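Here are my notes on the model you sent over. Have it open while you go through the points.

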Amino acid sequence: MTGDERFSRLPPAMGDFEIAILAGGLSERMGRDKLALRIGRRTSLGHVRALAASLGVPTRVIRRDLVPRCGPIGGIYTALKRARKKTLLILSGDMPFVSGEFVGELLASLREGDRAAFARSDSGYGFPAVLRVEALATVESQMAAGKRSIQALAGALAARGYRPPARLDEDLFNLNTPA
C-alpha cells in the first residue's frame, strides 16, 4: 500500500484538517540552516513541503513564532493560534523522511476524544504530531508556566503516542547535528 492509498483511507472526520510545517528553529546544533540542507534534489524543507502538497490539504509554513525563542512549543502555539481548521497536522521542517504512510497512520491514531497524538519513539514524544485546536489553552498554560518541552506538553494533553512499526522507523530521523 502506498502512502497516498493509506492516506485516502482516513476516517471521514479527519478530512477537516490543515498542515503546519515548523521552520523557525535556530539550527544552533547544526551550525547552519538545517532546512536548507540538500538531500538529493530538494532541501530538507523541500521534502517536507512536497509531502504536504501530496496530501492535498491547506498548508502553511511557520517561520516566525508569535512568542520567540520558546522552541517547538512556540511553533505549536503559533500554528494553533493561526489555525483555520479544527485539527492540525504538525510537521517539522528538519524531518525530510516522513512518509505519507506514516502521516496516515498518525492521523488515524487520533481518537474522537483525544486532543493530541504525537509520534513516539524510545526517546519519547515528538514530531510529527496531530493537535486539535482545543489544545491551545493547555499549550498557553504550559508556556506561561515555563514548561516548553514536548514531553511535558504531551503529558498535560494526555496525548496519544503513535509508535510506528519498525519499517517506518527511519521516518522519525531528523537533522539536528552535522553528524
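1. You'll find Ala158 in the loop between α6 (150–156) and β8. Its phi is positive, about 50°, although Ala158 is not a glycine.

2. Some ground rules before going on. This is a predicted model, where local features need pLDDT of at least 70 and side-chain atom pairs count only at pLDDT 80 or more, while totals for chains, interfaces and linings use all residues. Residues are numbered from 1 along each chain as its sequence is written, and side-chain values use heavy atoms, with hydrogens and water left out.

3. Overall layout: the protein has six helices and eight strands. Those are DSSP runs numbered from the N terminus, with helices being H or I of at least four residues and strands being E of at least two. Reading from the N terminus, the order is α-β-β-β-α-β-α-β-α-β-β-α-α-β.

4. A few totals. The protein has 179 residues, and 48% of them count as buried. Among contacts with a separation of 6 or more, 72% join residues 24 or more positions apart, a contact being heavy atoms within 4.5 Å.

5. Now the sheet. Six strands make an open, mixed sheet in the order β4-β1-β5-β7-β6-β8, where two strands pair if DSSP finds at least two bridges between them. At the edges sit β4 (59–62) and β8 (160–162), each pairing on one side only. From one strand to the next, the twist averages 30°. Helix α3 (residues 72–81) packs on this sheet and touches β1 (17–22), β4, β5 (87–92) and β7. The direction of α3 makes about 10° with that of β7; axes are lines fitted to C-alpha atoms, for helices over the stretch in contact, and angles run from 0 to 180 degrees between N-to-C directions.

6. Have a look at β6 (residues 116–121) and β7 (residues 124–132), which pair in the antiparallel sense over six bridges. One of the places to check is Ala117, whose bridge partner in β7 is Val130.

7. Two backbone spots to check by eye. Most residues other than glycine have a negative phi, and most peptide bonds are trans. The peptide bond from Phe127 to Pro128 is cis, with omega near -5°, and Pro128 has its place in strand β7. Arg69, in the loop between β4 and α3, has a positive phi of about 60° although it is not a glycine. Arg69 is exposed, with a relative accessible area of 61%.

8. Last, helix α4 (residues 100–109), which includes Ser109. Which residues does Ser109 touch, leaving out those up to four places away in sequence? They are Asp114, Ala117, Arg160 and Tyr162. Ser109 counts as buried because its relative accessibility is 10%. Gly104 and Leu55 are 49 residues apart in sequence, with 9.5 Å between them in space, C-alpha to C-alpha.

Methods. Buried < 20%, exposed > 50% of the residue type's maximum accessible area, 1.4 Å probe, protein only.
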